Every structure is written in structure tokens, then in C-alpha cells.
Amino acid sequence: MTSSSRSAPLKKYISCFGCPMLDVVATVSPEFLVENSLEADGNVMVDQGRMSLYGELYSRSIGGVKEVVGGAAQNTSRICQWAMRSICKLHGHDHDGGAVPAFQCVSVGCVGDDDHGRTLAAGTAADGVQVEYAYHGTLSTGVCAVLVSGSDRCLVSNYGAWMDYPSEHLDKIWNSVVLHSPIIYMSGFFAQSCSNAARRLADYVEDQKDETLLAVNLSAEYVCEDSHGVLIDIIQRADIVFGNYSEAASLGRATNAWSPACDSETLARNLCCVHYHDDVICACRDGPPGSLTSRGRRVILTRGSEPVVLASSVGGSVEVQTFPVPHVEHIIDTNGAGDAFAAGYLCGMTADRSQGECVELAVACAVRVVQECGCSVPKDPLMI
């Protein structure tokens, strides 16, 4: 394997560890979903019975196929970089005609040594993100079919190279990137497929004694169900947890730590407190603090157009706030809405915004992205 890397950093990084993929976006008929045993809002891994789906998209899509840069954490890095540039421009912090944020987003993951991998690298760099890929010599770049049906989208992923992120690449970027990252963000997909690297990063943040923030996204219901052990291990060391209602409910179902029938506020409270106790996963609020850091843990859950729930644990107690979500008249594609939400929140943190203002930025980013095809960086700056 070979890897791309840069010289010593000049600024602080938000390092986003994830699974870079090429998104193949296509509008399909309900019949197409039924034929492939897919749900309109599903998120599944490809199996042998669905491998032909990718080829069929090009002949059976409605209005053609669009290939765009994808991958959950990579989407977050691209939208966060755009949002930070927007805030710089809004407050007059331009340099040489362009906004230069104090933080630089970095996209880390593994792609194939192929045209798709190079397309992803070029597209991500064009959005202002520093690319730090490992290039796999045998596996191809991951591809995700984004099947748009009305305002819903179904994701069908063929993982490819990102399932085999090499530990030597993390060694390569450790001094130049990781040690200069006040914020480390990872997707649940990365925690699932690259558990050794994910745990190493969590161990590092824990040892930093509050000098580095760890943020993790639950990412998908099947990640919460199939990989709940490693996910809980990461969450109990995390400062910030992003997710949606269905993912949090699935995690409770898989661990038996809470009822999946809880409302959003209760789910968020449980995620604030979840931890391992004598090798048993529990969410007892009377037990250890909700995070191994003195700052406590923040959990931000979304549920479509319903209010955002923010739960914060400090010193053993949990406080919950809710924030309204504005009505969006013209939704084109909800793919990447959660990634954009996380991006806006992280952007707010770099600008020293309050928790409430961070949520407002998160919602604003998600609202902009759902009015684009795929998780595309808007051409106009974010005005907030």
C-alpha cells in the first residue's frame, strides 16, 4: 500500500476518520426498490443478490445518474470546511481574497488505487479539505448507491477498500496530523470496520486529559446492532455523540441497556450515561459519570422534522434541551443530512459558539444540504 501525506501542519486540524466512497445518486421508481427488497429510507450493505443493482442504475434510473464525493465522515469534513469558510467571510477574516479558518479539516480513510479513488481525492481537495488517504493495492474504492425516491433515500453500500484501513497509515500521519488535532471525529462505520484504529484514537484522546475532543457518529442502525461492543467502547470515551432516533433505539435494542421504545429525550439521556461496568453495558445514571473526561458528554439526536434533542452530562447529572427544526419547502435529497448536521455543530465549536448556537449551525447546514443533490457543498456561503 502507498499513502498520501503532507509536511508539518501550519494550523489546527479537525481530523475526520471514515470510509471514503463514491456516491452514485439516482432517482428510482418504487418498483425498483421492491424488486431489490429495499426500503425507501434503508441503509444496507450490498450482498450477492444485489450486486447487479449498480449496473442497472445506469439504464433504469429516472433522469440519469450523478457520481459525487461521498463517505459519511468525508461529507462532514467537506461541509464543515465550507461552513468555517462562510463564518470567516461573514466576520471579515479573509486572506488573499479567500476565507482562511483557524481550523483545517482532514479526511482520513482507505480507497483503492484506482480511478474512483483518485476522483474522490481530487473532489475532496477541491472542497478545501486536506486529503490523507491510504491507497489499497488490491481492493477497489467503495461505492454507495444512493436511491432517491420522493424525499426519501436508500443507501446500498459496497465497501471495498475502506474495510481494510492499514494501521501503518495511522502511524504515518500520527505526528503530522493526529497530534495537531484538537478535534477528532469518526463515523460509526469507521469504528465498525477499523476497530483497532478507532480504539487507538479513543485511547489517545483519553490520555490527553481534556486537551483533545473525541466526537463519534452512530451512522446507521446496522452499525449499532452489529458492532455495539466497539461502539459503546468508543462512546464511553467520547465527548460528543451524534445520531438519530432510530440509531439510538437500535443501540438500546442490541445492548439491552435501554428500551428501544423510549422517546428521544430518554434515549439521549441513556447515551449520556452508557458505559461498561464489569464488562456489562449499562446506562445507570447513578453510576460513573457519562464520560471519562471532566467535560462530560454531549449527545445530539435528530428525528427528521422533529425537534433536535441535546443532552449534556456533567458531574453525574444530565440536562436536556430541545431545539426546533424549520420547515423545508423543497427537499431534493436527504442523503448526507446527518453528516452535514455534525459538520455544522463542529464548526460552531471551532468558533466558540454556545451549545445552542452550535445546534443552530448544525440545523442550518443540514437544511442547506437537503436542498442539493447528494451531499454536495453549496456554492453560496452559509449565512448565519
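1. In which sense, left-handed or right-handed, does helix 9 pass helix 10? The crossing of helix 9 with helix 10 is left-handed, a label given when the near helix is turned anticlockwise from the far one by less than a right angle, with right-handed used if clockwise. The model is predicted: local features need pLDDT of at least 70, side-chain atom pairs count only at pLDDT 80 or more, and totals for chains, interfaces and linings use all residues. Residues are numbered from 1 along each chain as its sequence is written, and side-chain values use heavy atoms, with hydrogens and water left out.

2. Helix 9 (residues 228-235) and helix 10 (residues 245-255) have axes that come within 10 Å and cross at roughly 115 degrees. Axes are lines fitted to C-alpha atoms, for helices over the stretch in contact, and angles run from 0 to 180 degrees between N-to-C directions. Helices (H or I, at least four residues) and strands (E, at least two) are DSSP runs numbered from the N terminus. Helix 9 and helix 10 are therefore roughly perpendicular to each other; angles under 35 degrees count as roughly parallel, over 145 as roughly antiparallel, 65 to 115 as roughly perpendicular and the rest as oblique.

3. From helix 9, H228, L231, I232 and I235 meet L251, A254 and T255 of helix 10, where contact means heavy atoms within 4.5 Å. By class, this contact has five nonpolar, two polar and no charged residues. Ala, Val, Leu, Ile, Met, Phe, Trp, Tyr, Cys and Pro count as nonpolar, Asp, Glu, Lys and Arg as charged, and the others, Gly among them, as polar.

4. S227 lies in the loop between helix 8 (221-226) and helix 9. With 12% relative accessibility, S227 counts as buried; buried means under 20% relative accessible area, exposed over 50%, and partly exposed in between (1.4 Å probe, protein chains only). Leaving aside neighbours within four places in sequence, S227 is in contact with Q192 and Y222.

5. Helix 12 (residues 337-350) and helix 13 (residues 355-369) pack at an angle of about 145 degrees, their axes being 7 Å apart. Their crossing is right-handed.

6. Strand 12 (residues 183-187) has five of its five residues buried, so it is largely enclosed by the rest of the structure. Both of its faces are covered, with I183, Y185 and S187 on one side and I184 and M186 on the other. Strand 12 pairs in the parallel sense with strand 2 (residues 12-17) over four bridges and with strand 13 (residues 213-217) over five bridges; two strands pair if DSSP finds at least two bridges between them. Y185 stands opposite C16, and its bridge partner in strand 13 is A215.

7. A further five strands form an open sheet of mixed pairing in the order 4-11-10-3-5. Strand 4 (43-45) and strand 5 (65-70) stand at the edges with a single partner strand each, so one side of each is left without a neighbour in the sheet. The twist averages 25 degrees from one strand to the next. Strand 10 (residues 142-149) and strand 11 (residues 152-158) run antiparallel and are joined by seven bridges; V143 has N158 as its bridge partner in strand 11.
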